[in-house]
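Dear colleague,

Please find the structure below, together with its sequence. My findings follow it.

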Protein chains: 2
Amino acid sequence: MARQIRQTTPKEDGYRMPAEYEPQKQVWMIWPQRPDVWRDGAKPAQKQYKNVAIAISEFTPVTVVVNGDQYINCRAQLPESIRVIEVSNNDAWARDSGPTFLVNDKGGLRANSWQFNAYGGLVDGLYYPWDKDNLLADKICEVEGVDYYKQESFVLEGGSIHVDGEGTVLTTEMCLLSKGRNPNLSKGQIEQTLKDYLNVEKVIWIKDGIDPEETNGHVDDVACFARPGEVICIYTEDKNHPFYEASQAAYKTLCQSTDAKGRPLKVYKLCLTKEPVYSIPNAHIDYGYGSKPRQDKELVIASYLNFLITNQGVIVPQYDDENDALAIKQLQSIFPDKEVVGVRTKEIVYGGGNIHCITQQEPLVKK
Amino acid sequence: MARQIRQTTPKEDGYRMPAEYEPQKQVWMIWPQRPDVWRDGAKPAQKQYKNVAIAISEFTPVTVVVNGDQYINCRAQLPESIRVIEVSNNDAWARDSGPTFLVNDKGGLRANSWQFNAYGGLVDGLYYPWDKDNLLADKICEVEGVDYYKQESFVLEGGSIHVDGEGTVLTTEMCLLSKGRNPNLSKGQIEQTLKDYLNVEKVIWIKDGIDPEETNGHVDDVACFARPGEVICIYTEDKNHPFYEASQAAYKTLCQSTDAKGRPLKVYKLCLTKEPVYSIPNAHIDYGYGSKPRQDKELVIASYLNFLITNQGVIVPQYDDENDALAIKQLQSIFPDKEVVGVRTKEIVYGGGNIHCITQQEPLVKK
């Protein structure tokens with residue numbers, strides 16, 4: 001039951017990161033609570049996290065981890081069907097601070113524990129300290145008895161990568177080449193680390209994401225794989241939309257790319273919100289030492305692409321926007337065999353992310 | 001993976017508490033840290049807890065739970081072969097605040113979560129608050145995905161009961177009838193609760209334990225089962241020994257008792273220390289709100305009986321006393337097929353308990 005910290009690489013050991021559309025055992029989430037990140041003492045966000053957890057649990061078991069001081073409340077808010085356990089944390093982005101799980105297709109399950117520095121550390125990170133979040137992946141692995149590879153210096157968040165499970169990873173230059181993460185590594189060295197630790201052969205580089213000021217352009221707001229050889233990309237023809245340029249550029253890059261198997265990618269278009277989404281003016285957000293002060297009426301990063309594929313379900317953000325239904329319709333046609341479920345998550349996006357950012361899937365392995 | 005809280009009783013569902021000598025999957029412990037309970041910032045106690053954990057782990061996997069603020073230190077102190085996970089706690093007595101596990105002999109594993117009030121609550125409890133310890137059993141069950149029976153008012157510590165796995169429980173009147181636990185229940189009602197929740201038919205009542213001021217006389221310093229029909233009892237003929245009267249009385253009670261199957265008990269004698277053990281004068285112990293102040297040179301409850309049976313091992317306290325070797329010799333003759341291992345644990349007994357008090361076995365079930 002005790003886990004081991006592996007000194008080799010996943011590639012050497014025959015482990016790979018599986019795609020999100022491969023079978024999942026459970027989905028991990030973190031209970032939000034920071035009053036200097038989430039408005040109104042995080043109560044509106046907690047309610048929407050709960051709704052996301054319940055939506056996922058229709059398809060896949062969910063474990064929510066929580067700080068000790070919110071344990072009783074979290075346990076009481078969530079239904080009994082959702083597992084709640086204590087793990088200390090600084091904020092609630094399981095995609096980014098959680099483990100990146102790996103499989104070896106022989107029943108083996110392992111994980112990567114990356115260095116986590118709150119999206120840029122002392123250069124342009126979003127909160128300080130991040131000590132608990134940097135231990136979160138290790139602790140989850142130890143709870144589950146999963147061996148892991150520990151990065152002693154390489155900084156990465158799970159939201160900055162998407163894989164097809166067949167040798168290809170999607171990422172962005174804006175994030176992985178940012179000054180707050182691995183400034184001493186060349187692009188080639190970063191590529192090699194991805195290849196060694198995700199066990200991929202090809203890195204597809206999109207230039208920019210849509211939130212330079214927050215995650216420095218995580219790919220999980222821009223594009224992801226629908227299945228091998230097929231990707232989904234945010235898309236708009238509205239030149240006034242704040243994400244117009246980045247989405248057009250990403251779309252073009254993907255249309256011109258091939259994957260690790262040499263296949264040209266089929267690229268599906270996914271709409272953006274009709275209207276840009278802004279934060280609520282005069283929201284009650286605490287001033288906090290170490291967290292980025294929120295401005296009144298800031299543009300928030302409302303992307304329908306930040307959905308989670310989980311077994312037979314696809315859980316999609318809804319923003320009370322005219323295009324909410326269109327996004328679901330488009331995704332339902334891309335995933336005809338899955339049930340596409342929308343969840344209203346504006347309170348989550350006010351905090352800087354959405355359904356994909358707050359979840360981390362653990363693959364189901366056959367023993 | 002989510003656990004359920006059961007509304008029935010173990011007896012109704014065919015679950016029973018197995019004996020300590022039945023196969024174990026793992027042993028749970030809690031990392032000690034209170035500077036108002038353990039001298040010198042708990043560092044000497046931590047070292048001895050570590051040695052106990054390592055000794056157990058030669059026979060059975062060990063999981064140590066720890067508060068968030070001691071996680072990094074605890075993880076660094078213990079070898080990789082021991083699992084460390086975060087669970088908030090008030091003090092470090094897994095026997096008493098941990099779950100009492102149950103099996104149904106069809107591969108089922110469940111547990112009891114008793115009410116825990118720090119050995120007597122506001123009447124004569126040893127520390128305040130005890131809120132985290134009262135949730136500890138629930139949290140461990142949820143980590144492991146084990147369904148449990150939750151006592152909403154019945155107070156019990158695991159150290160106050162020993163079972164033979166065949167329908168008999170040993171306990172003491174001093175503890176179970178104390179004013180700080182279940183003052184509104186009659187002896188008959190308490191017996192019935194034990195019968196319903198441990199699934200036993202017979203309660204053997206020993207009158208007194210040896211630490212009226214601390215646990216109010218937990219049986220696990222006095223007597224336990226070696227196997228069905230056979231018990232071990234502390235014993236001395238030294239009339240000046242502080243535990244002379246209680247041990248003689250317990251011995252006589254057991255010699256006159258029969259178990260649930262109607263067998264007269266075979267009673268083995270286990271020596272006490274040659275010299276009484278006293279706490280260290282002028283020890284550096286913090287003053288703490290809510291913890292019982294320690295006196296200089298207090299008699300401590302140094303009993304060799306507070307050992308743990310764990311698969312092929314028996315882990316026994318050693319007190320740097322002339323009788324240390326005799327205790328091991330006596331136990332080795334009682335357990336000829338097991339390896340009896342002594343561990344020096346004076347620093348633990350200064351805190352009020354010993355190896356049995358700080359451990360909680362989880363049975364191994366065959367699926």
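Predicted model: local features only at pLDDT ≥ 70, side-chain atom pairs only at ≥ 80, totals over all residues.

Residues are numbered from 1 along each chain as its sequence is written, and chains are lettered from A and ligands numbered from 1 in the order in which they are written.

For the complex, the predictor gives an ipTM of 0.94 and a pTM of 0.96.

Between the chains, 18 residues of chain A are in contact (C-beta atoms, placed from the backbone, within 7 Å) with 18 residues of chain B. On the side of chain A that touches chain B, two or more residues come from each of β4 (83-86) and α6 (131-144) of chain A; β4(A) gives the most, with four residues. Helices (H or I, at least four residues) and strands (E, at least two) are DSSP runs, numbered from the N terminus.

Helix α8 (residues 187-198) of chain B has twelve residues and reaches 16 Å from its first C-alpha to its last, close to the 16 Å expected at 1.5 Å a residue; the expected span is 1.5 Å times one less than the number of residues. Its buried residues are I190(B), L194(B), Y197(B) and L198(B). They lie on the same side of α8(B), because they cover an arc (of the directions from the helix axis to the C-beta atoms) of only 85° around the axis. A residue is buried if 20 or more other C-beta atoms lie within 10 Å of its own, exposed if 12 or fewer, and partly exposed in between, with C-beta atoms placed from the backbone. The face of α8(B) turned away from the buried side carries the exposed residues G188(B) and Q189(B).

In chain A, L102(A) belongs to strand β5 (residues 100-103) and is buried, with 25 other C-beta atoms within 10 Å. Leaving aside neighbours within four places in sequence, its contacts include P10(A), Y15(A) and R110(A).

Two backbone features may interest you. Y128(A) and P129(A) are joined by a cis peptide bond, with omega about -5°; P129(A) is in the loop between α5 (121-124) and α6 of chain A. A118(B), a residue other than glycine, has a positive phi near 60°, and counts as buried with 27 C-beta neighbours inside 10 Å.

Yours sincerely

Conventions
Contact = placed C-beta atoms within 7 Å.
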